[in-house]
Amino acid sequence: MRRSIVAIHVVALAVWLGSLAFSFQVAGRLFGGARKPVCPACLKTTTETETLVVCVGCGALQHQACAKARNGLCSLEHLGLRECVPPDENVLGKLRKIVTPSLTGTSSWTRVRRTGEDVPPERRLLWRLDACTPALSEKKDEGESKSRFVPGACFELPYPAVGDSLARVFEGSQVLGIILGVIGLGTAFLTRPGGAMRLMRAGALALALGLNAWLLFSLSPDIAAKRLALDAPGAPTAEEKAAFGKLHGMSLGGSVGVALLVLTALTLASVRREDVVSSETATA
Ligand SMILES: [Zn+2]
Ligand SMILES: [Zn+2]
């Protein structure tokens, strides 16, 4: 009986830790494909210093050299004009008339398909950004002089969809965390080592559970409300952007905190009774 309780305790903590590690991994992977635009021809991330050309038919931006290698034609599958030209104001102005920005003020993304079978099929479907929200068009990574979110830029994943997906991933992981936390805390009192070690373990688990509940019931709804404000026709103020960044930092910090507390509890649970006894005799 005691053995199975120990197993339940350790497995609950290990799965909790594993689910957190998994959600961090998912976040890294998704944002990796959503932050930097790629050239739809060579599928490499475009840099600020490279010369890009724009397709007069669909508006997709691509490397000048890549378009040249394709007889100056667009690398995406579509009907109509496919010539790629330097993106001057005249061309962009005409394109803006073809691609109407979303009426709700949210960004517009189109699923596009790359021509040619020289790359694996899973890399041939991309997303073209056709219209930006003011918030997205101001979004810059460190070291960038201007935003990479410009109409015509192609991405592996649409940025807002990554945000929506991750909100659900984290919500699922937090719900699972609460269930496993209750199991872990309940079984902590029935498993060895006891005494001060058990108190520390139970304390770490109670703290992790509390932090997890705060993330799920208080912080996540706040972040959702702030995201809604960013997806609007008007540009966000500096304060709004700072507040959003701060909440995201708190959410990341909270999740890392939960992971560290669960790891501590798991380490304490793996200390064997004989080790505790021998160290006690050694200090005595
Ligand atoms: Zn290219
Ligand atoms: Zn095109």
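Predicted model: local features only at pLDDT ≥ 70, side-chain atom pairs only at ≥ 80, totals over all residues.
**Conventions.** I number residues from 1 along each chain as its sequence is written, and I letter chains from A and number ligands from 1 in the order in which they are written.

**Zinc ion (ligand 1).** I looked up its protein donors (N, O and S atoms within 2.8 Å of the metal, or 3.2 Å for Na, K and Ca; water is not among the atoms, so sites may look incomplete). They are Cys-39 (SG), Cys-42 (SG), His-63 (ND1) and Cys-66 (SG), at 2.1 to 2.3 Å from the ion. The angles among the four donor atoms run from 98 to 118 degrees, and the site is tetrahedral (four donors with all angles between 85 and 135 degrees). I find both His-63 and Cys-66 buried (under 20% relative accessible area, 1.4 Å probe, protein chains only).

**Zinc ion (ligand 2).** Here the protein donors are Cys-55 (SG), Cys-58 (SG), Cys-74 (SG) and His-78 (NE2), at 2.0 to 2.3 Å. This site is tetrahedral too, with angles of 106 to 112 degrees, and its donors have the spacing C-x2-C-x15-C-x3-H. Cys-55 belongs to strand β1 (residues 52-55) and Cys-74 to the loop between α2 (64-69) and β3 (84-85), so the pair ties together parts 19 residues apart in sequence. I take helices (H or I, at least four residues) and strands (E, at least two) as DSSP runs, numbered from the N terminus. Cys-55 is buried at a relative accessible area of 0%, and Cys-74 is buried at 2%.

**Domains.** The assignment (automatic or from a database) gives domain 1 (2-30 + 161-276) and domain 2 (39-155). Their C-alpha centres lie 38 Å apart. Eight residues of domain 1 contact eight of domain 2 (heavy atoms within 4.5 Å). I note about 550 Å² buried between the domains, 55% of it on carbon and sulfur atoms (accessible area, 1.4 Å probe, lost on putting the two parts together, summed over both). One salt bridge is found across this interface (a side-chain nitrogen of Lys or Arg within 4 Å of a carboxyl oxygen of Asp or Glu).

**Ser-173.** I place this residue in helix α5 (residues 159-188). Ser-173 is buried, at 9% relative accessible area. Leaving aside residues up to four places away in sequence, Ser-173 touches Ser-19, Leu-20 and Ser-23.

Technical notes. Heavy atoms only, no water. Tetrahedral: all angles 85-135°; square planar, octahedral: opposite > 155°, others 65-115°. Buried < 20%, exposed > 50% of the residue type's maximum accessible area, 1.4 Å probe, protein only.
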